[in-house]
Amino acid sequence: MKIAVVGGGIAGLACAWMLSRRYAVTLFERHAQPGFVASSVAVPLSEGSPAGTTSVRVDVPLRVFYPGYYPTLMRLYAALGVATEPVSYATTFMGAAGQPYFRWRNLRLGGFSMPYVLPRDVAGPRARRIVQGALRFNHQSRAALARGELAGRSLRDFLAAGAFPADYVQGLLLPALATIATCTTEDALDYPADVVAGYMAAGLARQSVRRAVLGADAVAVRLLAGITQVVCSAGVQGLHHARARDGRPAVRVMREGGAQDFEHVVLATQANQALALWQDASAPDRAALQGFAYRPLQVVMHTDASFMPAQPRDWSPVNARVADTLDRPETTIWVNAVQPALRHAPPVFQTVHPQRQPREALVIGRAQFERPLVNAQSQRALAALQVLQAQPGRRVWLCGSYAHSGVPLLESAVRSATEVARAIEACEGVRQPGLVAVSSA
(Lines give C-alpha, C1' and ligand atoms only; values in the text may rest on other atoms or scores of the structure.)
Protein backbone atom coordinates (compact mmCIF):
# COMPACT_ATOMS: atom_id res chain seq x y z
CA MET A 1 0.00 0.00 0.00
CA LYS A 2 1.25 3.49 -0.88
CA ILE A 3 0.95 6.31 1.64
CA ALA A 4 2.03 9.94 1.32
CA VAL A 5 2.99 12.14 4.24
CA VAL A 6 3.09 15.86 3.44
CA GLY A 7 5.30 17.82 5.82
CA GLY A 8 8.68 17.01 7.34
CA GLY A 9 8.38 18.42 10.83
CA ILE A 10 8.70 16.06 13.77
CA ALA A 11 5.07 14.93 13.34
CA GLY A 12 5.52 14.08 9.66
CA LEU A 13 8.90 12.43 10.17
CA ALA A 14 7.62 10.29 13.04
CA CYS A 15 4.43 9.28 11.23
CA ALA A 16 6.30 8.40 8.03
CA TRP A 17 8.91 6.44 10.01
CA MET A 18 6.26 4.40 11.82
CA LEU A 19 4.22 3.65 8.70
CA SER A 20 7.31 2.82 6.61
CA ARG A 21 7.85 -0.28 8.71
CA ARG A 22 4.89 -1.88 6.91
CA TYR A 23 3.96 0.28 3.90
CA ALA A 24 5.58 2.16 1.00
CA VAL A 25 5.64 5.71 2.36
CA THR A 26 6.67 8.85 0.49
CA LEU A 27 7.45 11.92 2.58
CA PHE A 28 7.00 15.23 0.76
CA GLU A 29 8.80 18.27 2.21
CA ARG A 30 8.60 21.79 0.77
CA HIS A 31 12.05 22.84 2.05
CA ALA A 32 15.40 21.64 0.71
CA GLN A 33 15.71 19.54 3.88
CA PRO A 34 13.11 18.30 6.39
CA GLY A 35 11.36 21.09 8.23
CA PHE A 36 12.40 19.73 11.61
CA VAL A 37 15.97 20.88 10.92
CA ALA A 38 15.45 23.37 8.09
CA SER A 39 16.10 26.39 10.32
CA SER A 40 19.10 25.10 12.30
CA VAL A 41 22.30 27.12 11.96
CA ALA A 42 26.02 26.50 12.19
CA VAL A 43 27.72 28.53 14.93
CA PRO A 44 31.44 29.03 14.23
CA LEU A 45 33.84 28.09 16.98
CA SER A 46 36.85 30.08 18.09
CA GLU A 47 40.47 28.99 17.87
CA GLY A 48 41.41 26.35 20.40
CA SER A 49 38.34 24.20 19.70
CA PRO A 50 38.79 20.43 19.26
CA ALA A 51 40.83 19.53 16.19
CA GLY A 52 38.76 19.36 13.03
CA THR A 53 35.80 21.17 14.62
CA THR A 54 35.02 24.55 13.10
CA SER A 55 31.33 24.93 13.92
CA VAL A 56 28.46 23.47 15.95
CA ARG A 57 24.89 23.02 14.72
CA VAL A 58 22.28 24.73 16.89
CA ASP A 59 18.56 23.97 16.68
CA VAL A 60 16.32 26.92 15.86
CA PRO A 61 14.25 27.02 17.94
CA LEU A 62 16.06 25.09 20.68
CA ARG A 63 14.23 21.84 21.38
CA VAL A 64 14.19 20.77 25.01
CA PHE A 65 11.76 18.70 27.02
CA TYR A 66 11.19 17.15 30.41
CA PRO A 67 10.26 13.45 30.59
CA GLY A 68 7.07 13.75 32.64
CA TYR A 69 5.27 15.75 29.97
CA TYR A 70 6.96 14.08 26.99
CA PRO A 71 6.57 10.30 27.48
CA THR A 72 5.79 9.58 23.80
CA LEU A 73 8.78 11.61 22.63
CA MET A 74 10.96 9.74 25.13
CA ARG A 75 9.78 6.39 23.74
CA LEU A 76 10.46 7.56 20.20
CA TYR A 77 13.99 8.67 21.10
CA ALA A 78 14.59 5.34 22.86
CA ALA A 79 13.38 3.42 19.80
CA LEU A 80 15.70 5.49 17.59
CA GLY A 81 18.67 5.18 19.93
CA VAL A 82 18.87 8.96 20.42
CA ALA A 83 20.89 9.87 23.51
CA THR A 84 19.63 12.73 25.67
CA GLU A 85 21.27 14.80 28.40
CA PRO A 86 20.03 17.01 31.24
CA VAL A 87 20.49 20.76 30.91
CA SER A 88 19.69 23.71 33.12
CA TYR A 89 16.77 25.94 32.20
CA ALA A 90 17.07 28.27 35.19
CA THR A 91 15.58 31.67 34.41
CA THR A 92 16.15 35.34 35.14
CA PHE A 93 13.19 37.70 34.81
CA MET A 94 14.15 41.32 34.16
CA GLY A 95 12.51 44.63 33.41
CA ALA A 96 12.82 46.69 30.23
CA ALA A 97 16.22 48.09 31.28
CA GLY A 98 17.73 44.66 31.93
CA GLN A 99 17.55 44.82 35.74
CA PRO A 100 16.51 41.48 37.31
CA TYR A 101 13.52 41.39 39.61
CA PHE A 102 13.35 37.61 40.10
CA ARG A 103 15.57 34.61 39.45
CA TRP A 104 15.21 30.90 40.03
CA ARG A 105 18.03 28.40 39.78
CA ASN A 106 18.37 24.64 39.33
CA LEU A 107 19.82 22.09 41.71
CA ARG A 108 20.32 19.08 39.45
CA LEU A 109 21.19 15.52 40.49
CA GLY A 110 21.21 13.26 37.45
CA GLY A 111 17.72 13.24 36.02
CA PHE A 112 16.26 15.06 39.01
CA SER A 113 16.00 18.80 39.32
CA MET A 114 14.81 21.13 42.05
CA PRO A 115 14.22 24.86 41.55
CA TYR A 116 15.47 27.12 44.31
CA VAL A 117 16.20 30.75 45.05
CA LEU A 118 19.06 32.30 46.95
CA PRO A 119 18.38 34.85 49.70
CA ARG A 120 19.49 37.67 47.41
CA ASP A 121 16.99 36.49 44.77
CA VAL A 122 14.10 37.24 47.13
CA ALA A 123 15.52 40.24 48.95
CA GLY A 124 12.81 42.58 47.69
CA PRO A 125 9.05 42.48 48.44
CA ARG A 126 8.18 41.91 44.78
CA ALA A 127 10.28 38.74 44.60
CA ARG A 128 8.78 37.45 47.86
CA ARG A 129 5.25 37.99 46.51
CA ILE A 130 6.23 36.06 43.38
CA VAL A 131 7.40 33.10 45.48
CA GLN A 132 4.24 33.21 47.59
CA GLY A 133 2.08 33.32 44.47
CA ALA A 134 3.95 30.42 42.89
CA LEU A 135 3.48 28.23 45.94
CA ARG A 136 -0.21 29.12 46.15
CA PHE A 137 -0.83 28.54 42.43
CA ASN A 138 0.98 25.21 42.50
CA HIS A 139 -1.11 23.99 45.45
CA GLN A 140 -4.49 25.27 44.26
CA SER A 141 -4.11 24.28 40.59
CA ARG A 142 -3.03 20.72 41.47
CA ALA A 143 -5.93 20.29 43.87
CA ALA A 144 -8.44 21.68 41.37
CA LEU A 145 -7.03 19.49 38.60
CA ALA A 146 -7.32 16.37 40.77
CA ARG A 147 -10.94 17.21 41.60
CA GLY A 148 -11.81 17.80 37.94
CA GLU A 149 -12.74 21.43 38.58
CA LEU A 150 -10.72 22.98 35.74
CA ALA A 151 -12.56 21.51 32.75
CA GLY A 152 -13.99 24.23 30.54
CA ARG A 153 -12.29 27.03 32.48
CA SER A 154 -9.64 29.36 31.11
CA LEU A 155 -6.53 30.36 33.00
CA ARG A 156 -8.05 33.83 33.20
CA ASP A 157 -11.10 32.41 35.01
CA PHE A 158 -8.99 30.40 37.44
CA LEU A 159 -6.76 33.35 38.29
CA ALA A 160 -9.72 35.66 38.87
CA ALA A 161 -11.20 33.22 41.37
CA GLY A 162 -7.94 32.58 43.21
CA ALA A 163 -6.84 36.09 44.20
CA PHE A 164 -3.20 35.45 43.27
CA PRO A 165 -0.66 38.28 43.70
CA ALA A 166 -0.42 40.46 40.60
CA ASP A 167 3.37 40.40 40.87
CA TYR A 168 3.29 36.62 40.46
CA VAL A 169 0.75 36.59 37.62
CA GLN A 170 2.29 39.43 35.59
CA GLY A 171 5.89 38.89 36.62
CA LEU A 172 6.30 35.10 36.46
CA LEU A 173 3.30 32.97 35.47
CA LEU A 174 2.22 34.72 32.26
CA PRO A 175 5.76 35.44 31.00
CA ALA A 176 6.74 31.80 31.65
CA LEU A 177 3.67 30.40 29.90
CA ALA A 178 4.01 32.84 27.00
CA THR A 179 7.63 31.72 26.62
CA ILE A 180 6.79 28.00 26.68
CA ALA A 181 3.84 28.37 24.30
CA THR A 182 5.47 31.23 22.32
CA CYS A 183 2.38 33.42 22.43
CA THR A 184 1.30 36.77 23.85
CA THR A 185 0.38 37.20 27.50
CA GLU A 186 -3.26 37.73 26.46
CA ASP A 187 -3.14 34.43 24.56
CA ALA A 188 -1.71 32.81 27.70
CA LEU A 189 -4.71 33.99 29.74
CA ASP A 190 -7.02 32.26 27.25
CA TYR A 191 -5.26 28.89 27.73
CA PRO A 192 -7.45 26.15 29.24
CA ALA A 193 -6.67 26.02 32.95
CA ASP A 194 -6.43 22.23 32.95
CA VAL A 195 -3.78 22.31 30.20
CA VAL A 196 -1.63 24.73 32.20
CA ALA A 197 -2.08 22.80 35.45
CA GLY A 198 -1.39 19.49 33.70
CA TYR A 199 1.86 20.80 32.23
CA MET A 200 3.08 22.03 35.60
CA ALA A 201 1.97 18.92 37.50
CA ALA A 202 3.77 16.43 35.23
CA GLY A 203 7.11 16.80 36.98
CA LEU A 204 8.30 20.23 35.86
CA ALA A 205 9.67 21.04 39.32
CA ARG A 206 11.25 17.61 39.82
CA GLN A 207 12.78 16.55 36.52
CA SER A 208 15.71 17.99 34.62
CA VAL A 209 14.98 19.55 31.29
CA ARG A 210 16.70 17.48 28.60
CA ARG A 211 17.87 17.78 25.01
CA ALA A 212 19.06 15.36 22.36
CA VAL A 213 22.83 15.23 22.77
CA LEU A 214 23.47 15.76 19.06
CA GLY A 215 20.45 17.99 18.51
CA ALA A 216 17.53 17.70 16.12
CA ASP A 217 19.86 16.78 13.24
CA ALA A 218 20.65 13.42 14.84
CA VAL A 219 16.94 12.74 15.41
CA ALA A 220 16.12 13.60 11.80
CA VAL A 221 18.91 11.38 10.44
CA ARG A 222 17.57 8.34 12.30
CA LEU A 223 13.98 8.99 11.29
CA LEU A 224 14.88 9.61 7.64
CA ALA A 225 16.86 6.37 7.48
CA GLY A 226 13.66 4.45 8.22
CA ILE A 227 11.38 6.19 5.68
CA THR A 228 10.79 4.52 2.32
CA GLN A 229 11.24 7.63 0.16
CA VAL A 230 11.89 11.29 0.98
CA VAL A 231 11.23 14.05 -1.58
CA CYS A 232 12.45 17.51 -0.58
CA SER A 233 11.62 20.73 -2.46
CA ALA A 234 8.54 18.70 -3.37
CA GLY A 235 6.30 21.51 -4.63
CA VAL A 236 3.03 19.93 -3.47
CA GLN A 237 0.22 22.12 -4.82
CA GLY A 238 -2.84 20.31 -3.49
CA LEU A 239 -4.65 17.02 -3.13
CA HIS A 240 -8.13 15.61 -3.61
CA HIS A 241 -9.98 12.31 -3.58
CA ALA A 242 -9.90 10.39 -6.86
CA ARG A 243 -10.13 6.96 -8.44
CA ALA A 244 -7.00 5.00 -9.25
CA ARG A 245 -6.60 3.34 -12.65
CA ASP A 246 -7.95 0.10 -11.24
CA GLY A 247 -11.04 1.90 -9.97
CA ARG A 248 -10.17 1.78 -6.29
CA PRO A 249 -10.51 4.92 -4.16
CA ALA A 250 -7.33 6.98 -3.89
CA VAL A 251 -6.03 10.40 -2.93
CA ARG A 252 -4.30 12.31 -5.73
CA VAL A 253 -1.38 14.53 -4.77
CA MET A 254 -0.76 17.33 -7.27
CA ARG A 255 2.81 18.53 -7.69
CA GLU A 256 4.61 20.85 -10.05
CA GLY A 257 5.87 17.85 -12.02
CA GLY A 258 2.55 15.95 -12.19
CA ALA A 259 0.27 13.88 -9.97
CA GLN A 260 0.55 10.70 -7.92
CA ASP A 261 -2.14 8.51 -6.39
CA PHE A 262 -1.95 7.09 -2.86
CA GLU A 263 -4.25 4.96 -0.74
CA HIS A 264 -3.84 7.37 2.19
CA VAL A 265 -2.38 10.85 2.62
CA VAL A 266 -1.29 12.35 5.94
CA LEU A 267 -1.22 16.14 6.07
CA ALA A 268 1.46 16.72 8.71
CA THR A 269 1.35 20.48 8.28
CA GLN A 270 -0.15 23.39 10.16
CA ALA A 271 -3.94 23.44 10.14
CA ASN A 272 -4.07 26.53 7.94
CA GLN A 273 -1.66 24.94 5.46
CA ALA A 274 -3.69 21.72 5.42
CA LEU A 275 -6.81 23.76 4.68
CA ALA A 276 -5.11 25.37 1.66
CA LEU A 277 -3.83 22.04 0.29
CA TRP A 278 -6.90 19.83 0.76
CA GLN A 279 -8.99 20.86 -2.23
CA ASP A 280 -12.11 18.77 -1.61
CA ALA A 281 -12.19 18.73 2.19
CA SER A 282 -15.66 18.15 3.59
CA ALA A 283 -17.49 21.00 5.27
CA PRO A 284 -16.95 19.49 8.77
CA ASP A 285 -13.22 19.03 8.08
CA ARG A 286 -12.92 22.61 6.83
CA ALA A 287 -14.78 23.92 9.85
CA ALA A 288 -12.50 21.99 12.21
CA LEU A 289 -9.34 23.23 10.50
CA GLN A 290 -10.60 26.81 10.56
CA GLY A 291 -10.94 26.56 14.33
CA PHE A 292 -7.15 26.59 14.82
CA ALA A 293 -5.54 30.05 14.85
CA TYR A 294 -1.85 30.89 14.71
CA ARG A 295 0.52 33.61 15.89
CA PRO A 296 3.71 34.55 14.02
CA LEU A 297 6.96 33.78 15.77
CA GLN A 298 10.44 35.10 15.05
CA VAL A 299 13.65 33.61 16.42
CA VAL A 300 17.02 35.27 15.89
CA MET A 301 20.48 33.78 16.58
CA HIS A 302 23.06 36.42 17.46
CA THR A 303 25.96 37.48 19.66
CA ASP A 304 24.49 40.75 20.99
CA ALA A 305 24.88 40.68 24.80
CA SER A 306 22.60 43.72 25.20
CA PHE A 307 19.65 41.30 25.13
CA MET A 308 20.86 39.78 28.40
CA PRO A 309 20.61 41.12 31.96
CA ALA A 310 22.72 44.25 32.43
CA GLN A 311 25.21 42.45 34.71
CA PRO A 312 26.80 39.16 33.54
CA ARG A 313 26.52 37.76 37.08
CA ASP A 314 22.72 37.79 36.59
CA TRP A 315 22.78 35.77 33.35
CA SER A 316 20.81 32.51 33.35
CA PRO A 317 20.30 29.92 30.63
CA VAL A 318 16.91 31.58 30.00
CA ASN A 319 16.40 35.33 30.35
CA ALA A 320 12.96 36.93 29.98
CA ARG A 321 12.57 40.67 29.47
CA VAL A 322 9.14 41.67 30.79
CA ALA A 323 7.62 45.16 30.53
CA ASP A 324 4.17 46.72 30.52
CA THR A 325 4.88 48.07 27.02
CA LEU A 326 5.46 44.55 25.61
CA ASP A 327 2.58 42.25 24.68
CA ARG A 328 4.82 39.21 25.31
CA PRO A 329 8.17 38.52 26.93
CA GLU A 330 11.32 38.89 24.89
CA THR A 331 13.11 35.68 25.85
CA THR A 332 16.82 35.22 25.23
CA ILE A 333 18.49 31.83 25.68
CA TRP A 334 22.18 31.77 26.46
CA VAL A 335 22.99 28.88 24.15
CA ASN A 336 26.41 28.21 25.67
CA ALA A 337 24.73 27.33 28.98
CA VAL A 338 22.39 24.84 27.29
CA GLN A 339 24.52 23.22 24.59
CA PRO A 340 27.72 21.72 26.07
CA ALA A 341 29.68 21.87 22.80
CA LEU A 342 29.52 25.68 23.03
CA ARG A 343 30.35 25.91 26.72
CA HIS A 344 33.80 27.38 26.12
CA ALA A 345 32.92 29.37 22.99
CA PRO A 346 32.19 33.13 22.95
CA PRO A 347 28.63 33.92 24.08
CA VAL A 348 25.91 32.98 21.60
CA PHE A 349 22.24 33.83 22.09
CA GLN A 350 18.88 32.84 20.68
CA THR A 351 16.10 35.39 21.16
CA VAL A 352 12.43 34.46 20.80
CA HIS A 353 10.02 37.31 20.02
CA PRO A 354 12.74 39.99 19.73
CA GLN A 355 11.24 43.43 20.37
CA ARG A 356 14.21 45.01 18.63
CA GLN A 357 16.77 43.62 16.24
CA PRO A 358 20.45 42.97 17.03
CA ARG A 359 23.03 44.81 15.00
CA GLU A 360 23.25 43.06 11.64
CA ALA A 361 26.95 42.30 12.07
CA LEU A 362 26.07 40.25 15.17
CA VAL A 363 23.27 38.18 13.58
CA ILE A 364 24.00 34.51 12.85
CA GLY A 365 20.58 33.60 11.48
CA ARG A 366 16.84 34.31 11.61
CA ALA A 367 13.80 32.08 11.32
CA GLN A 368 10.07 32.76 11.03
CA PHE A 369 7.42 30.34 12.27
CA GLU A 370 3.78 30.21 13.21
CA ARG A 371 2.60 28.66 16.47
CA PRO A 372 -0.95 27.38 17.16
CA LEU A 373 -3.00 29.05 19.86
CA VAL A 374 -4.74 26.96 22.49
CA ASN A 375 -8.06 28.31 23.74
CA ALA A 376 -11.75 27.42 23.94
CA GLN A 377 -12.11 27.67 20.16
CA SER A 378 -9.18 25.36 19.44
CA GLN A 379 -10.47 22.88 22.05
CA ARG A 380 -13.82 22.68 20.23
CA ALA A 381 -12.04 22.26 16.90
CA LEU A 382 -9.84 19.52 18.34
CA ALA A 383 -12.85 17.62 19.69
CA ALA A 384 -14.51 17.83 16.26
CA LEU A 385 -11.31 16.70 14.52
CA GLN A 386 -11.00 13.65 16.76
CA VAL A 387 -14.56 12.60 15.88
CA LEU A 388 -13.91 13.08 12.16
CA GLN A 389 -10.70 11.04 12.21
CA ALA A 390 -12.52 8.14 13.85
CA GLN A 391 -15.00 7.81 10.98
CA PRO A 392 -14.66 4.72 8.76
CA GLY A 393 -13.39 5.02 5.22
CA ARG A 394 -11.21 8.04 5.85
CA ARG A 395 -8.24 8.52 3.53
CA VAL A 396 -6.91 12.01 4.32
CA TRP A 397 -5.50 12.40 7.83
CA LEU A 398 -4.49 15.46 9.84
CA CYS A 399 -1.41 15.33 12.02
CA GLY A 400 0.65 17.87 13.94
CA SER A 401 1.23 19.53 17.29
CA TYR A 402 -2.13 21.31 17.00
CA ALA A 403 -3.98 18.01 16.47
CA HIS A 404 -3.55 16.66 19.99
CA SER A 405 -4.48 17.93 23.42
CA GLY A 406 -2.01 19.81 25.59
CA VAL A 407 0.55 22.51 24.92
CA PRO A 408 1.46 22.22 21.19
CA LEU A 409 5.02 21.02 21.60
CA LEU A 410 7.10 18.03 20.42
CA GLU A 411 5.06 15.67 22.59
CA SER A 412 1.69 16.55 21.07
CA ALA A 413 3.20 16.33 17.59
CA VAL A 414 4.55 12.80 18.16
CA ARG A 415 1.35 11.67 19.91
CA SER A 416 -0.66 12.90 16.95
CA ALA A 417 1.66 11.04 14.57
CA THR A 418 1.29 7.87 16.63
CA GLU A 419 -2.49 8.03 16.66
CA VAL A 420 -2.72 8.66 12.91
CA ALA A 421 -0.38 5.75 12.16
CA ARG A 422 -2.46 3.51 14.41
CA ALA A 423 -5.70 4.72 12.79
CA ILE A 424 -4.43 3.96 9.29
CA GLU A 425 -3.51 0.45 10.38
CA ALA A 426 -6.95 -0.02 11.92
CA CYS A 427 -8.55 1.29 8.72
CA GLU A 428 -6.67 -1.36 6.77
CA GLY A 429 -7.64 -4.11 9.22
CA VAL A 430 -4.16 -4.59 10.66
CA ARG A 431 -4.39 -5.85 14.22
CA GLN A 432 -0.87 -7.01 14.95
CA PRO A 433 0.94 -4.92 17.55
CA GLY A 434 4.40 -3.66 16.88
CA LEU A 435 4.18 -1.10 14.10
CA VAL A 436 3.69 1.87 16.36
CA ALA A 437 6.58 1.18 18.68
CA VAL A 438 6.14 4.42 20.62
CA SER A 439 2.44 4.04 21.40
CA SER A 440 1.28 4.14 24.99
CA ALA A 441 1.47 0.93 27.01
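**Sheet, helix packing and cavities in the predicted model**

Three strands form an open sheet in the order β11-β12-β13, with antiparallel pairing. The edges of this sheet are taken by β11 (236–243) and β13 (258–262), each of which has a single partner strand, so one side of each is left without a neighbour in the sheet. From one strand to the next, the twist averages 25°. The structure described here is a predicted model. Within the sheet, strand β12 (residues 249–255) runs antiparallel to β13 and is joined to β13 by five bridges. For V253, the bridge partner in β13 is Q260. Strands of a sheet pair through backbone hydrogen bonds, in either a parallel or an antiparallel manner.

Helix packing was examined for α3 and α5. Two packed helices are described by the angle between their axes and by the distance between the axes. Helix α3 (residues 125–146) packs with helix α5 (residues 166–180) at an angle of about 80°, and their axes lie 8 Å apart. Because angles of 65 to 115 degrees count as roughly perpendicular, α3 is described as roughly perpendicular to α5. On the α3 side, the contact is made by R126, R129, I130, G133, A134 and F137, while α5 contributes D167, Y168, G171, L172 and L173. By class, the residues of this contact comprise six nonpolar, two polar and three charged.

Empty space inside the model was also searched. Rolling a probe the size of a water molecule over the atoms shows where such space is left. In the whole structure, three cavities of 30 Å³ or more were found. The volume of the largest cavity is about 90 Å³. This cavity is lined by 13 residues, of which V374, S378, Y402, H404 and G406 are the closest to its centre. Helix α11 (residues 376–388) gives the most to the lining of the largest cavity, contributing three residues. Seven nonpolar and six polar residues make up the lining of the largest cavity, with no charged residues.

The second largest cavity holds about 40 Å³ of space. Its lining consists of F36, D59, R63, Y77, R211, A212, G215, A216 and V219. The largest share, three residues, comes from α8. In the second largest cavity, the lining residues divide into five nonpolar, one polar and three charged.

Technical notes:
Residues numbered from 1 in each chain as written. Predicted model: local features only at pLDDT ≥ 70, side-chain atom pairs only at ≥ 80, totals over all residues. Heavy atoms only, no water. Axes fitted to C-alpha atoms, helices over the stretch in contact; angles between N-to-C directions. Helix = DSSP H or I, 4+ residues; strand = E, 2+ residues; numbered from the N terminus. Parallel < 35°, antiparallel > 145°, perpendicular 65-115°, else oblique. Contact = heavy atoms within 4.5 Å. Nonpolar A, V, L, I, M, F, W, Y, C, P; charged D, E, K, R; others polar. 1 Å grid on protein atoms, 1.4 Å probe; cavity = no way out; pocket = protein on both sides within 12 Å on 5 of 7 lines; lining within 4 Å. Points joined across faces, edges and corners; volume = space filled by probe spheres on them. Pairing = 2+ DSSP bridges.
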